[in-house]
Structures are given as structure tokens and as C-alpha cells.
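Let's take a friendly walk through this structure, starting at the ligand and moving on to the charged pairs.

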Amino acid sequence: MALLEATNITKIFGGLTAVNDVTLTIEKGSIVSVIGPNGAGKTTFFNILTGIYKPDKGVVLFDGAPTAGLRPDQIAALGMRRTFQNIRLFHNMTVLENALVGMHTHLHAPIWNIILRNRSLRLEEGKARDRSRELLRFVGLDEKRDELAKNLPYGDQRRLEIARALAGDPKLILLDEPTAGMNPNETVEATNLIRRLRDELGVTVVLIEHDMRLVMAISERISVLDYGTKIAEGDGAVIRANPRVIEAYLGKGAAGNPA
Amino acid sequence: MAKSTPQTGGTGAWDQLVGLIGRGPGGYVFLSIYTLVTSLLLLLNPRTNLFTDIVFILFLLLILAIYRTKVHVGFKIALGVITLGFVMPYFGTLNPYYIDVATQAGIFATLAMGLNVVVGFAGLLDLGYVAFYAVGAYLWSIFSTPQVGLMISGATPIPSGWFYGFILLGLTVGGVFGVLLGLPVLRLRGDYLAIVTLGFGEVIRVLAVNLDKPLNITNGAQGIKDIERPPLFFADPLRAIFSSFGRQLDNNQLYQIFFYFMVLVVVLITILIVSRLKNSRIGRAWTAIREDETAAIAQGIPLVRMKLMAFAVGASFAGAMGVIFASKQLFINPPTFDLLRSIGILTMVILGGLGNIPGVILGAVLVTLLDLQILPRIAEILRSAQKAGWPIPSAFDPTQYQRLLFGLLMILMMIFRPEGILPEDRRRQELHEEDEEIVEDAAEAEAA
Ligand SMILES: Nc1ncnc2c1ncn2[C@@H]1O[C@H](COP(=O)(O)OP(=O)(O)OP(=O)(O)O)[C@@H](O)[C@H]1O
Ligand SMILES: [Mg+2]
């Protein structure tokens, strides 16, 4: 069953067509990569899915329902979470607090319960803490839960962003270049983590990546964008063999590195 | 935009001092002696002069010392009750001036904590905060005096017993005005937000000046006088207690102590509410918005709702305090609620430590002391030096330079400690929270 169906999505900035008539279907439980050269419109496409931009044309169905007219926070509450290409943590909050903020849509204590700090509030907060720490353990950050996010090393910050997204108990997680700036070791760890998101937590994953080794290793399907247009789609072998992809993307810079 | 300089966290010198005396019995001895000496000095020498000023300031800083020193919570509470619950009010019967300063400091501490919700927690710069204070103050002033008859012909003032209901009403109306301000500024950030809120504050003040015609609601620039005080239902027991210590109190003294305690209770309630909010889903959402709106939305935080809630919660404290202030002051007029007052409250928040509740309270106490006590005293000393023939030009009237001195201090502060005296440190707070949980667990275990 399709968890996400984006049909004929177009987004135009001024004279620039950043995303051009792109259709993408994500099956529940899959790991899908979106690749393409710089400026191809990948991040813009994510921003449309999450509701930050309204598409000029096209429809997004999430879990069977159209997201048009919903605010980004409402879409997030439906279970679509993301990470950002340029890490956007809450820098002056602790690691644990970052994860707790991710749980926002699952916490409902009314203000008077908070003021009275009654049993039901303490119960909810306690559960939230336990769940957050579970997720921090999942990404390997529980030991650092009391550190400020801004003091974490780069790789940890990326993992914290994933933990924060997981805290919302998402059906779908969108990862925008999750290994950008990581060294080879960290990239291997991140690859494993992404696989575990799906295998252990059952979260459907869509990722934008430039690291071909990672993309080929974990994605079941790959979509290639170039100048806003989807030029190819299929599994790793299909993409590797596609001449347009080789020309647009693998041909440059990655010619000697076909995974 | 992360700050480039890493925060050192806490106040270095203070932590060192606390480190020296704060562990083991050292902290207990230190605090006991500190409390004893300052209390005795105040009670034995209650005259208004420079010496008492200094002792009084040390006495107020004692509260900070009690808060920061590592001693048992029970001991802290005991000392707090002794100092604020007994020494201060008794001293107040000996010298009405200082307890009034303390009451004012409490009023401003509440206002600063309320503004801190908006500016410190949610990161929304509000330069018109005093408007909500004005709304609360005018609410009680109009309805508790014959002014109400000028507004609604035939209406008579509300019985003074309604005062407590009006505190709640002030809370509500303040919150509603907070939302009214919040709605138009939701899309604005930074400078634009500051300018519109500043305008809002001025609009309320100008309304207060001009709403004396065609219908006389606020009595215009003349202000409203003879504002009603609440009935003193503790009057007789209070009198009895003090007379057993050999003090006969008149009505005004009683009211001073009454308002002192009322403000103290409000401050304590405010601390409780604000710190609980801070460590809840709501407070975390506010901080997330302050840190990064886009990332906050991506976590499913509804921006509009949370911002409006911050404006409403912050404003409601000012609304409630406005009612108490009007009743304590007996007279209000529009200049009480001008832009400088808003900026003054903002200064307390920033000077003390944006976002940090103890810091904000400290900021409020220090600025109030500076304003009401330290600067006038310096001016007075300079003036007497002038009279004694010191070579200070006679055209130089120090009282005129109060604001200048104040400004200079602020500039120095911002150069040397821009994050405030007690900056926010969320790590420390996490530790405290665990303490609190341990205490709670222990209490629950005991109850079982
Ligand atoms: N808000 C915006 N306003 C105007 N142009 C934009 C906006 N956002 C993106 N663009 C443009 O749209 C195009 C696609 O950008 P996008 O960020 O989606 O690319 P990308 O595939 O994510 O690239 P990269 O791999 O470098 O992250 C670029 O030319 C970019 O300059
Ligand atoms: Mg991008």
C-alpha cells in the first residue's frame, strides 16, 4: 500500500522551475532515495511534502488523505517527520529536551495540570522521558542526554535530529542528506541506523543523499531529479545503467565511483 | 545563528565562593551567620541611612545566597520563612521605607517573570508589556471608586471585598489583551515585532489619557485617586501578634505589611507557575520556537497557538499585578504606565538573565534597588559633598543624572556580561529537576 503519493508536483520560484511535474509513490515499509545534482530540487520537493511550500501544481496524498490546506505542523502531527540538510537542532536545549520537543504532538496535558503538576501530568512527563531516552539509546545518545545540543559533535547532531524526528512516532521520515559532512566511519554507522529505522521501528524512510555507496547499499528504489524533473526511477541496477543518469549525475565527479 | 562564544555557565566567581563554603557544614554556618548578622543589624538600627541601605541590600542578596548554597532544602525553606516571613515584616514596622522597597521589588519581580515568558521563553520581543499592567490597574481603579459612576451613570463602587475576585479578573482581562496584542503581530519578527508592541503600549497609555471624554472612563491625565484597599481580614490577629512583640500598629502600617505579604505570595505562586510551565510541553515548545521556528513547526508545534499562549500567559501576570498595584498605591495616572516602565521591566529581564527565572527575579530586585535606593542615595551623597565645599560644579545636580548613571551601568553590564548576571543554563536545571524528583519520590515513599 502506498504511504505517500505525490502526483505531478510543480514548484516555480520566480522564473525558475525548481520542481517540474514530479510524481513519486512511496510504499509503506520501504527505503527510497532521491538523488540528483546540486540544485536539482530535492530539498524543495521535501519542503512541499512537509507543507512548508505549497506546490503550484500537483497533489500530495499522505496515508490516503490529501495534505493540501494543512499547515506544516498539522502534517507533522499526522506522522511525517523530517531532518534538515543544514542541521536545525534547538541549540540551547539539552539533548533530552530536543527529543522531548519531538514528542510535542503526543503530549496533551492541559495547562492547569501543568500548573498543579498533578499525577496525570507527572505520569505523562515520566512516560515522555522514558520514551525519549529509549529513542536516544536507539541512536546512541542516551549518555549525552544532559548536554546542550550545540556542544555535540557533528555526527551526534545528525543522530539527534533523527531521534527528535522519531520521537513523533512517525510513519514516514524524510532525511535530507543525513551523512553530509560525515567521515567514512560515521557514514557506515549512519547507514546502519537508517536501516534500523525501518527494520526495528517499522518507519518508512525517504532520503536525499549524495553518497552513492550509501544510496546503492540501502535503497530499494531510487528516484533521480535533474533540473527539477524526474529523469529516472528504479532499483540500484536500473539507475546505474541509465544513460541519462550517468550523464546528469554519475557522469560528473562520480564517474570512477559507480558504487 | 549559534553564539560564537561558548557559555561558561553559571557565575564563575560566585560558584568558586560557593565551592569554598558550600559543602558540608560550611554552608550551614555561613548562611546562619549571614542571616543572623544582617537581621540583627536591620532590627537594631532601623533608621534610614546609607549604612542601613547597605545592610538591606545584603539582606536581600541573602535570599540569593540561600538559593545558591548547597544545603538541605528544608534548611533553605526555614531560612526563607525566617527572613522574608518574620524579619522583613517586623523591620517594616520599624521603618516603612524599606518594606515598601521590598514590596515594589516583589511587584517588579512578578512583572519581570511575566515578561520573561514572552521574551525569554518564547523569544518574542515585547516593548509594550506595561500596557497589561495598566489594564489591570485601571480595572480595579475604575470599579472600586466613584469613577465607575462617571462611566455608567448611577453605578456605585464595588465593595472592597471584591478585590480578590478582581485579581482573577485582572488575570483574565490581561490574558485577553495579551491575545489582542498577539494576533496582529504573529507574522512579525525581531525589530518589527518590537515596534508594533511598543506602539500597542503607547496606544493603551494614550487611551488612558484621552478616555475622559465624551464618556469619562479613565479620568484622563488627572488619574484616579482614593482607590479602594481590600478589607483587612487579618487585622486583629496581626495587631495582636505585633503587640505581643511590643509594637502597636496603625492602619497604614498594617496595610504595608498586608501588601508585602500579598505580593510575596503572588511572587511565590508566579515562580511556581512559571517554572512548571517552563519544564512542560508548553515551555519546551516556546523555547523551541525561540531557538528555531522552522524546526519547531517540523515537530508539529502549532506556532500561532503557542505564541498567543505566551502572550496571554505573560500578560495575565501583569494584569493581576496591576490590580494589586493600584490598590496598594491608592492613586494611578497614565505616566505610571509609560514606555520607560516597559523598558525598565525589560531591563530587569535582560540584566538578570534572559529566560532564567532566578536571574530575572534578581534583575528585578537589583533594578528596583538601584532606582529607588542606590541612585538617589548616591545623588544625595554628592549633594552633601557639594554643600561641604567639594569642587563639584554647582550646576551639577546629581539627581538629574540618575538616568545617566543607570544607563552607564547597563552599558557596562552589556559589555562585560551580556548574557545577564545569572544566565540560563538548562543543564543545571536538569540536575535540579532530578533533585526535585528524588525529593518527590522520597515524599511519596513516606506517604505510602
Ligand atoms: N525559497 C526559494 N526561493 C527561490 N529559489 C529557491 C528557493 N528554494 C530553492 N530555490 C532554488 O530552487 C532550486 C532547487 O533547490 P533545492 O534546494 O531544492 O536543491 P537541492 O536538490 O536540494 O540541492 P542540494 O543538493 O544542493 O541541496 C535551486 O536553484 C535553488 O536556488
Ligand atoms: Mg538540498
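What follows is a short report on a predicted model.

## Around ligand 1

Ligand 1 is surrounded by 14 residues, the closest being A:Gly39, A:Lys42, A:Thr43, A:Thr44 and A:Gln85. Sorted by class, this shell has seven polar, five nonpolar and two charged residues.

The side chain of A:Gln85 places an N or O atom 2.7 Å from an oxygen atom of ligand 1, and a backbone N or O atom of A:Gly41 lies 3.0 Å from an oxygen atom of the ligand. A nitrogen atom of ligand 1 is 3.0 Å from an N or O atom in the side chain of A:Tyr53. Taken alone, ligand 1 exposes 640 Å², and the protein buries 65% of that. Strand 2 (16–27) and helix 1 (42–49) of chain A are the elements that give two or more residues to the shell; helix 1 has the largest share, with three residues.

## A bridge between chains

Over all chains, the structure holds 28 salt bridges. One of them pairs B:Asp292 with A:Arg88 at 2.8 Å, N to O. B:Asp292 sits in the loop between helix 12 (281–291) and helix 13 (293–298) of chain B, and A:Arg88 in the loop between strand 6 (80–82) and helix 3 (95–102) of chain A, so the pair joins two chains. B:Asp292 counts as buried at 11% relative accessibility, while A:Arg88, at 25%, counts as partly exposed.

## Bridges within chain A

A:Arg164 and A:Glu161 form a salt bridge (3.4 Å, N to O). They lie three residues apart in helix 6 (residues 154–166) of chain A, so about one helical turn separates them. Both A:Arg164 and A:Glu161 are buried.

Conventions:
Residues numbered from 1 in each chain as written. Chains lettered and ligands numbered in written order. Predicted model: local features only at pLDDT ≥ 70, side-chain atom pairs only at ≥ 80, totals over all residues. Heavy atoms only, no water. Near = heavy atom within 4 Å. Polar contact = N/O pair within 3.5 Å; in protein donor to acceptor, adjacent residues only side chain to side chain. Areas by Shrake-Rupley, 256 points an atom, 1.4 Å probe, with all protein chains shown as cover. Helix = DSSP H or I, 4+ residues; strand = E, 2+ residues; numbered from the N terminus. Nonpolar A, V, L, I, M, F, W, Y, C, P; charged D, E, K, R; others polar. Salt bridge = Lys/Arg side-chain N within 4 Å of Asp/Glu carboxyl O. Buried < 20%, exposed > 50% of the residue type's maximum accessible area, 1.4 Å probe, protein only.
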